[in-house]
Amino acid sequence: MGMTARVLAIDAGNSKTDVAVLAPDGTVLSTARGGGFRPHTRGVEPALDTVAASVTEAFTAAGVTTADHISACFANADLPVEEEQLAAALHARAWGASVKVRNDTFAILRAGVTEPRGVAVVCGAGINCVGMRPDGRTARFPALGRISGDWGGGWGLAEEALWHAARAEDGRGVDTDLARVLPAHFGLPSMYALIEALHLERIAPSRRHELTPVLFTTAAAGDPVSRSLIDRLADEVVSMATVALTRLDLLNEETPVLLGGGVLAAGHPQLDTGIRNLLSARAPKAVPQVVTASPVLGAALLGLDDVKAPTAAQARTRQHYEP
């Protein structure tokens, strides 16, 4: 029988998977990185095969064959039932004696706080918000897009920018510089040409993400329509955070509100100022801060929380990622 690590931490996002193997004292024995985790398009088992390659690499480097506990934070694990299905699939892989699966937003939250207490809003391609307390209580949203009431995220902002630009060009909406800068980004002369190129997929659908930075640049130049979209995103972020704080009875206590994901971590002045101003009005005890720590650190700390590791172990793991 091989050696056993204390915790196997997994943070698996759409674009990459990070793995860490921890000793009982929090020492990071090994790490590995692999491809993205997309069970919603590939199926659970093929998606876990991608994770397996990284786990095998990390276990081999650490000189272990299993772990006491697996702390896995997965993108696209948006509902409790999905977390249960993924936990069962991980159990079957026999990488660890116990398994806890969470949505990957919890990893970003835990990476940014010294104890499992706070709220995190993540805005990258999509948008999500979770909160937690040391007693195990959590707050979360389904985060399934418009069918679950969501607005925003990089993809959503790009769609909104296109909507306004299209209506400006044909006269149904107010004029906006977006009607000119969006097609120009792709070297096209008009919104009509851009709409045709997108519809016929002469421009790949994935390239719509490129329009989000264009929107922020146009807003910074003063375009009123663009600025209104940034203001609406700030309002959405604060609405999610305030609801999560309220559900956890933290609205009237000093509580960290972590801001993560490519859009929120980019340092856009209008968005940052809007979020902080709205938070100060609706949740004056909230302490906003941008998270830059690696999400796999959060998965590792959550794993150490699960096994009730001592504070010194938590500090040792954090020091590995934030020397």
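## Legends to the close-up views

View 1. Helix 12 (residues 311-321) lies across strand 2 (17-22) and strand 3, and runs at about 50 degrees to strand 3. The model is predicted, so to speak of local features a pLDDT of at least 70 is needed, side-chain atom pairs count only at pLDDT 80 or more, and totals for chains, interfaces and linings use all residues. Residues are numbered from 1 along each chain as its sequence is written, and side-chain values use heavy atoms, with hydrogens and water left out. Helices (H or I, at least four residues) and strands (E, at least two) are DSSP runs numbered from the N terminus. Contact means heavy atoms within 4.5 Å. Axes are lines fitted to C-alpha atoms, for helices over the stretch in contact, and angles run from 0 to 180 degrees between N-to-C directions.

View 2. Five strands form an open sheet in the order 3-2-1-4-5, with mixed pairing. Strand 3 (28-34) and strand 5 (96-103) are the edge strands, each pairing on one side only. From one strand to the next the twist averages 20 degrees. Strand 1 (residues 3-12) and strand 4 (residues 64-74) run parallel and are joined by nine bridges. Thr4 has Thr66 in strand 4 as its bridge partner. Two strands are taken as paired if DSSP finds at least two bridges between them.

**View 3. Strand 6 and its two partners.** Strand 6 (residues 118-123) is mostly covered, with six of its six residues buried. Buried means under 20% relative accessible area, exposed over 50%, and partly exposed in between (1.4 Å probe, protein chains only). Gly118, Ala120 and Val122 point one way from strand 6, while Val119, Val121 and Cys123 point the other way. With strand 7 (residues 127-132), strand 6 pairs in the antiparallel sense over six bridges. A hairpin of three residues links strand 6 to strand 7. Cys123 has Ile127 in strand 7 as its bridge partner, and Val121 stands opposite Cys129 in strand 7. Strand 6 also runs parallel to strand 9 (residues 255-260), to which four bridges join it. The bridge partner of Val122 in strand 9 is Gly260.

View 4. Six of the six residues of strand 7 are buried. Ile127, Cys129 and Gly131 point one way from strand 7, and Asn128, Val130 and Met132 the other way. Strand 7 pairs with strand 8 (residues 138-140) in the antiparallel sense over three bridges. Gly131 stands opposite Ala139 in strand 8. Five residues lie between strand 7 and strand 8 in this hairpin, and Gly136 in the turn has a positive phi of about 95 degrees.

**View 5. The crossing of helix 5 and helix 8.** The axes of helix 5 (residues 153-170) and helix 8 (residues 211-220) come within 8 Å and cross at roughly 65 degrees. This crossing is left-handed, which means that the near helix is turned anticlockwise from the far one by less than a right angle; clockwise would be right-handed. Gly154, Leu157, Ala158, Ala161 and Leu162 in helix 5 meet Leu211, Thr212, Leu215 and Phe216 in helix 8. By class, the residues in this contact are seven nonpolar, two polar and no charged. Ala, Val, Leu, Ile, Met, Phe, Trp, Tyr, Cys and Pro count as nonpolar, Asp, Glu, Lys and Arg as charged, and the others, Gly among them, as polar.

**View 6. The largest nonpolar core around Leu271.** The largest nonpolar core has 51 residues, of which Leu182, Leu233, Leu271 and Ile275 touch the most other members. Helix 9 (residues 224-247) supplies the largest share of this core, eleven residues. A nonpolar core is a set of buried Ala, Val, Leu, Ile, Met, Phe, Trp, Tyr and Cys residues joined through side-chain atoms within 4.5 Å. Beyond its neighbours within four places in sequence, Leu271 is in contact with Phe216, Ile230, Leu233, Ala234, Val263 and Leu264.

**View 7. Positive phi at Glu201 and Lys308****.** Most residues other than glycine have a negative phi. Glu201 is not a glycine but has a positive phi of about 60 degrees. Glu201 is in the loop between helix 7 (191-199) and helix 8, and is exposed at a relative accessible area of 53%. Lys308 has a positive phi near 55 degrees. Lys308 lies in the loop between helix 11 (295-306) and helix 12, and counts as exposed at 73% relative accessibility.
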